[in-house]
Amino acid sequence: MREVLKSNNAVELNFAEVVLKDAGIGSVVLDTHMSIMDGSMVIIPRRLMVADTDEARARAILQEALASRAEWA
């Protein structure tokens, strides 16, 4: 598995998961429980992981999807 995104922003991680799912790429978020154990002080970022074979495609998709930030973000 390869890390394609590391973030403390739960909304960004959820959005990235959905974008990858829509593209047919499976993903998993690691360190969710560690983040909760730190008291939700966002000290430990969560990691979005994909299969090794999907890494390049996932990075390209996420780069495009996350390139333009919403005005409210």
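A residue is called buried when its relative accessible area is under 20%, exposed when it is over 50%, and partly exposed in between. With a relative accessible area of 25%, Arg47 is therefore partly exposed. The model discussed here is predicted.

**Strands and their pairing**

- Strand E3 is largely enclosed by the rest of the structure, because 4 of its 5 residues are buried.
- Strands E1 and E3 run antiparallel and are joined by 5 bridges.
- Val28 has Met49 of E3 standing opposite.
- In a regular strand, the side chains alternate between the two faces of the sheet.

**Salt bridges**

- Side chains of opposite charge can pair when their charged atoms come close.
- For a salt bridge to be counted, a side-chain nitrogen of Lys or Arg must lie within 4 Å of a carboxyl oxygen of Asp or Glu.
- How many salt bridges does a search of the whole structure find? The search finds 3.

*Asp52 and Arg2*

- The side chains of Asp52 and Arg2 form a salt bridge, with an N to O distance of 3.3 Å.
- Asp52 belongs to the loop between strand E3 (46–50) and helix H3 (55–65), while Arg2 belongs to strand E1 (residues 2–7), so the pair ties together parts that are 50 residues apart in sequence.
- Asp52 has a relative accessibility of 42% and counts as partly exposed.
- Arg2 is likewise partly exposed, with a relative accessible area of 40%.

*Asp31 and Arg47*

- A salt bridge joins the side chains of Asp31 and Arg47 at 2.6 Å, N to O.
- This pair links distant parts of the chain, since Asp31 lies in the loop between E2 and helix H2 (32–37) and Arg47 lies in strand E3, 16 residues apart.
- Is Asp31 buried or partly exposed? Its relative accessibility is 23%, so Asp31 counts as partly exposed.

*Arg59 and Glu55*

- The side chains of Arg59 and Glu55 meet in a salt bridge of 3.1 Å, N to O.
- Both residues lie in helix H3, where they are 4 residues apart, about one turn of the helix.
- Arg59 has a relative accessible area of 39% and is partly exposed.
- Glu55, at 22% relative accessibility, also counts as partly exposed.

**A nonpolar surface patch**

- Which residues make the nonpolar surface patch? Met1, Val28 and Leu30 make this patch of about 250 Å².
- Leu30 lies in strand E2, which covers residues 27–30.
- The relative accessible area of Leu30 is 31%, so Leu30 is partly exposed.
- A residue needs over 30% relative accessible area and no salt bridge to be part of a patch, and the value of 31% for Leu30 meets the first of these conditions.

- Asp54 lies in the loop between E3 and H3.
- At 21% relative accessibility, Asp54 counts as partly exposed.
- The C-alpha atoms of Asp54 and Ile25 are separated by 6.9 Å, although the two residues are 29 residues apart along the chain.

Terms used:
Residues numbered from 1 in each chain as written. Predicted model: local features only at pLDDT ≥ 70, side-chain atom pairs only at ≥ 80, totals over all residues. Heavy atoms only, no water. Patch = residues over 30% accessible without salt bridge, like charges linked within 9 Å, V, L, I, M, F, W, Y side chains within 5 Å. Areas by Shrake-Rupley, 256 points an atom, 1.4 Å probe, with all protein chains shown as cover. Helix = DSSP H or I, 4+ residues; strand = E, 2+ residues; numbered from the N terminus. Buried < 20%, exposed > 50% of the residue type's maximum accessible area, 1.4 Å probe, protein only. Pairing = 2+ DSSP bridges.
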